[in-house]
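User: I have not seen this one before. Can you take me through the ligand site and then a pocket?
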Amino acid sequence: MVHSIYSNKDIFLRELISNASDALDKLRIASMVDKDLDVDASDLHIELVVDAQARTLTVRDNGIGMSRDEVVQLIGTIAKSGTAELLRKLRESNDGGAPQELIGQFGVGFYATFMVADKVVLLTRRAGESTGTRWESAGEGTYEIEQADDAPQGTTVTLHLKPADPEDHLYDYTAEWKIREIVKRYSDFISWPIRMTVERPGEPGEDGSPGEPTREVQTLNSMKALWARSRDEVDEAEYHEFYKHVSHDWTDPLEVIHMRAEGTFEYEALLFIPAHAPFDLFAREGKRGVQLYVKRVFIMDDCEALTPNYLRFIKGVVDAHDLSLNISREILQQDRQIQAVRRRLVRKVLSTLKEMREKQPERYRTFWAEFGKALKEGLVEDVDNRETLLDLISAASTHDAEQLTTLRGYVERMKDGQSDIYYLTGETRSAVENSPHLEAFRAKGYEVLLLTDPVDEVWVEQVGEFDGKPLRSIAKGQIDLETEDEKKAAETELQERQKEFEPLLTWLGERLAEDIKEARLSTRLTTSPACVVGDAQDLTPNLERIYRAMGHELPPSKRILELNPTHPLVGGLRKAHEQGGDEEALGRTAELLYGMALLAEGGELKDPARFARLLAEQLSAAV
Ligand code: ADP
Ligand code: MG
C-alpha cells in the first residue's frame, strides 16, 4: 500500500499553531492598549519541543494565555459536555478523515490533539495575572484542573503521543523531518517565528571522523505574508491553509480573491468566499468582517467597517499601509479611506461572483445555495450596486422545476405583449407552486417567479422593477392576461356573469364580513373554486407572517375572496342562494369555500377544528 507523506491527523499541529499565533496577536494588541500591563512582548514566538524518549511534543507560545475561567470555558467544556462521541471517534480514528468533519462542526480545533495523543497537558498564565493554571485530560470526557504557580506567561501544550506504530513511520510526530514538513505545509505564513531546536551533524574531523553534533535553534516558517506576495508565487494549497487559519473553517474555500491597490491609498487584500455558510450567518450577534492589518501587523479581527453586512460571510485579510497602528473601530467606521477601500472590495467581490456565474455555473450554484439569501439583503442595503446585484439573483420559477433562473432569463422568455415580471411569494416552493393564484398563468403559459425567502418580500417591494419592467405580485390587485380582443369578449361575459352573481357576492361579503373585504368574480382561476387576493397596496400574507414573527403588532387584515364562476361548486352555490336555500346551510358552505381558498395558498385557518367539523358534516350529508 502506498502512503502519501501526509496524514489527515497532521492537522492537529496546524490547529495548535493557529491558536498560538492568535494568542500572540492578542498579546501584542493588549500590550499596546494597556501600557501598564506587566508583560514581556519583546520576543513573541512559538516554540516546538520534541522529546523522542518520552514521546512528547510540546507547543509553547508566550502570548496572551488564559485565566482559569477561560480554560474551563474554552478548553474544558467540551471534555465535559456530552460530546463524548466526538472524543471517542477522535481517539479511535486511524486516519482522521471523518473526525475532521466532526471537529469542524463543533469548531474545537484544540481537540484535534486527541487524534494523536492519549494525554494532553496545558499549562497557561494569562497576561497580567500572577498565577497560572494546569489542565490535563485523556480526552475521555473528563479533565483535571489545578492552580500552577510556576507557569510562564503564555500557553504550553504538551502532547503525550500515542505509542508509535512500527508499521507506519509517517505518524511519528517526534521525527524532526515530519514536524518540518507539517509546519511548512500548513503554517508557513504564520507571522510569528515558529522555532525548534534541531541537531546539526558536526564538522567532520581532519581524518574524516564524524564530529560532535551541535544543537541550534531554527525558525521553521518563512513568515511571509501571503497577501504581500504576487498571485503566481502562491499556490492553491497555501491559500487554502491560510484560509483555514483566518476563518477557523475546516473546508477549502470556494473562491480566492487576491488584490492589491497602489497609489494614494495602498493596500493588499486577500479575501475568501467560503464553501459553506456558517451556522450563525443569520444570527444578530454572528461574527462578521475580515482581519485588518497595517503594514503586516495584525490590528483586529472581525473588522466590520471593511465589508457591508450582506457580505458578512467574506473572510480574509486587508492590509492597509497608511493607517495608524492605534486606529479604533469607531474611527474606522468613519474613515474616508476605509470607505473607499470597502467600495473597491465590494465591487471586486461582486464582479468575481458575476464571473463565477458565467464561467463556473456549478460552483455558482453552490455559492447561491449557501449565501444567496444574505446576498439578496444587498438589494435593499446597497443601492449603489443594485444593478449588479440584480444580475446575480437566482430564483425558482414555473419555467423549470429544477433549475433556478436569472431575471435576465425571465425577461428573455417574456411573452409578446407581456409588460410585467410576475412573482408569487410564500413559505415553501411546494406551497407556492400549488397555489390557485397560478392557475390562469399556467393555463396561458405565463412564467411566474416563485419567491420563498423572507427577504424576497422586502427586496421586490423596494426594487420595484428590473430592466424597466415592473415586478408584480400575482396574489395582489386585479390581473388581466388577455389580449385586447379576448379582453372585450371576456368583459361582456364577465358583466353578464357579474349581474347573475351579484346577489350571491353581496350576500357572501356580508356573511364573511369578519374575514374578507369583499367577494368578486375571478379571472385568475381555471380549476379551483376560489382564492383570496390582496389589494395592490396590501401586505402579502407571507410578509404579514414575517412581521408578526418579528414581534410587530399588526391589525388583522382582510383580503378579497375571488370566485371561479365556472366551477360547479360556485355555480351550485349561486343557484341555491337564488332559490332561497337554507341560510345556515349556505353559510356553512361559504365558510368552507373561504377556508379552502386559504388552505390552497398554504395559509392558516383561524379555527381549524371548526373547519374540520363543518367539512365532516357536509361530507356525511353527501355520502
Ligand atoms: P478556535 O480556535 O476555533 O476558537 P480552538 O478549540 O482551537 O477553537 O480553541 C478554543 C479557544 O481556546 C480559542 O478560541 C482561544 O480562546 C483559546 N485558546 C486555545 N489555545 C490557546 C492559546 N495557545 N493561547 C490562548 N488561548 C488559547
Ligand atoms: Mg483554534
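Predicted model: local features only at pLDDT ≥ 70, side-chain atom pairs only at ≥ 80, totals over all residues.

User: Which residues come nearest to ligand 1?
Analyst: There are 13 residues around ligand 1, and those that come nearest are Asn19, Asp61, Gly109, Phe110 and His248.

User: What does the backbone of Gly109 do there?
Analyst: One of the backbone N or O atoms of Gly109 lies 3.1 Å from an oxygen atom of ligand 1. A polar backbone atom of Phe110 is 3.0 Å from an oxygen atom of the ligand.

User: How much of ligand 1 does the protein bury?
Analyst: The protein buries 82% of the 530 Å² that ligand 1 exposes when taken alone. Helix H1 (11–33) and helix H2 (68–80) are the elements that each give two or more residues to the shell.

User: What classes of residue are in that shell?
Analyst: It has 6 nonpolar, 6 polar and 1 charged.

User: New topic. How much space is in the second largest pocket?
Analyst: About 1,200 Å³. It is lined by 39 residues, and closest to its centre are Tyr594, Leu598, Glu604, Leu605 and Lys606. Elements that give two or more residues to the lining include strand S16 (421–425) and helix H18 (583–600).

User: How does the lining divide by class?
Analyst: Into 15 charged, 12 polar and 12 nonpolar residues.

User: Where does the pocket lie relative to the domains?
Analyst: It lies between domain 3 (393–473) and domain 4 (484–622), because both give residues to its lining.

Conventions:
Residues numbered from 1 in each chain as written. Chains lettered and ligands numbered in written order. Heavy atoms only, no water. Near = heavy atom within 4 Å. Polar contact = N/O pair within 3.5 Å; in protein donor to acceptor, adjacent residues only side chain to side chain. Areas by Shrake-Rupley, 256 points an atom, 1.4 Å probe, with all protein chains shown as cover. Helix = DSSP H or I, 4+ residues; strand = E, 2+ residues; numbered from the N terminus. Nonpolar A, V, L, I, M, F, W, Y, C, P; charged D, E, K, R; others polar. 1 Å grid on protein atoms, 1.4 Å probe; cavity = no way out; pocket = protein on both sides within 12 Å on 5 of 7 lines; lining within 4 Å. Points joined across faces, edges and corners; volume = space filled by probe spheres on them. Domains from an automatic or database assignment.
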